[in-house]
Amino acid sequence: MTAQKVALIIPALNEEEALRHLLPTLPHDTISWQIVVDNGSTDRTAEVARAAGTIVVQTAERGYGRACFRGLQEARRLGAEIALFMDGDGSDDPADIPEMLAPILSQQADLVMGSRVSKRAEKGAIPPQARLGNWLVSRMITLLYGATLHDIGSFRAIRCKQLARLNMSEMTFGWPVEMLVKAARARYRILEVPIHYRQRSHGRSKVAGTFVGSVKAAYYMLSTTLRYALTRRNAWMTQRSSL
């Protein structure tokens, strides 16, 4: 594989046990840096990550997007060319990392998404409410922005410079959708790769594992999708009125 500098960014909130099992399985020959972003954990997430030889950065304020953005900042500071985002709960399989990176390295795609809804995914790994929400948002993005998608997963790869150009601002669960919407508007080539998505190894999901978490995630994803669509429509209307 081409020796391009890849930073693996893992946002984590109270994932001590999951990281203890996940970090030793990461492919060190493919990844230049492993960055765990401790998003205000109250357990030993940071200590476990450091003990595994992983770079640990912290965010004073919680928020999934905030953790991802902090990880990107650290990746760019280190000189990474490619950012690879991956959950820290053990649901994403490190064995899929080479397949996630290949389209970026071969310049066949600008943004690679790990699809959790293929036959390669473990049965029952995505709860029904999460599957429905992801289907709905995926369809909306396809219809509103022309990017054919089947899932809104968090396992994704993109060049750091291209991600920086998107001027990400969503610091909540809206981050994954904002990246897709802005990438589609920028005419980035978006490619889905089937992954071996698994049930989380330890603990309970902060999103799909609770009703409140599922509702909050759905709200941020839907509102982000619609907000950027309305912004584009208003800009078009303004342009038309000025003619």
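Trainee: Before I look at any feature, what should I know about the model and its numbering?

Mentor: Residues are numbered from 1 along each chain as its sequence is written, and side-chain values use heavy atoms, with hydrogens and water left out. Because this is a predicted model, local features need pLDDT of at least 70 and side-chain atom pairs count only at pLDDT 80 or more, while totals for chains, interfaces and linings use all residues.

Trainee: How many helices and strands are there in the protein?

Mentor: The protein has eight helices and seven strands. Both are DSSP runs numbered from the N terminus: helices are H or I with at least four residues, strands are E with at least two. Buried residues make up 53% of its 243 residues. Here buried means under 20% relative accessible area, exposed means over 50%, and partly exposed is in between, with a 1.4 Å probe and protein chains only.

Trainee: Which residues of H3 are buried, and what covers them?

Mentor: The buried ones are Tyr64, Gly65, Ala67, Cys68, Gly71, Leu72, Glu74 and Ala75. Their cover includes strands S1 (6–12), S2 (33–38), S3 (55–58) and S4 (82–85), along with helices H6 (160–165) and H7 (175–185).

Trainee: Glu74 is in that list. Which salt bridges does it form?

Mentor: First the general idea. Side chains of opposite charge can pair when their charged atoms come close. The rule used here asks for a side-chain nitrogen of Lys or Arg within 4 Å of a carboxyl oxygen of Asp or Glu, and it gives a count of 13 salt bridges. Glu74 bridges to Arg70, with the closest N and O atoms 3.9 Å apart, and to Arg77, at 2.7 Å from N to O.

Trainee: How does the helix help me read those two pairs?

Mentor: An α-helix has 3.6 residues a turn, so residues three or four places apart point the same way. Arg70 and Glu74 are four residues apart in H3, about one helical turn. Arg77 and Glu74 are three residues apart in H3, again about one turn. As for accessibility, Glu74 is buried at 7%, Arg70 is partly exposed at 25%, and Arg77 is exposed at 58%.

Trainee: Where do Arg189 and Asp110 lie in the chain?

Mentor: Arg189 forms a salt bridge with Asp110, the closest N and O atoms being 3.1 Å apart. This pair links distant parts of the chain, 79 residues apart: Arg189 is in the loop between H7 and strand S7 (190–194), and Asp110 is in the loop between helix H4 (97–105) and strand S5 (111–115). Arg189 is partly exposed at 40% relative accessible area, whereas Asp110 is buried at 10%. Elsewhere, salt bridges with shared partners join Glu16, Glu17, Arg20 and Arg44 into one network.

Trainee: Now the nonpolar cores. Which residues of the largest one touch the most other members?

Mentor: In soluble globular proteins, nonpolar side chains tend to be buried together. A nonpolar core is a set of buried Ala, Val, Leu, Ile, Met, Phe, Trp, Tyr and Cys residues joined through side-chain atoms within 4.5 Å. The largest has 39 residues, and Phe85, Ile141, Ile152, Leu163, Trp175 and Met179 touch the most other members. H7 gives the most to this core, with seven residues. Apart from it lies another core of 33 residues, among them Ala12, Ala49, Leu84 and Tyr197.

Trainee: How many aromatic pairs does the search find?

Mentor: A search of the whole structure finds one. The rings of Phe85 and Trp175 have centres 6.2 Å apart and planes at 65°, so they are edge-to-face. The rule pairs rings of Phe, Tyr and Trp (its six-membered ring) with centres within 6.5 Å; planes under 30 degrees apart are stacked, over 60 edge-to-face, the rest tilted. Phe85 sits in strand S4 and Trp175 in helix H7, 90 residues apart. Phe85 is buried at 1% relative accessible area, and Trp175 is buried at 1% as well.

Notes. Contact = heavy atoms within 4.5 Å.
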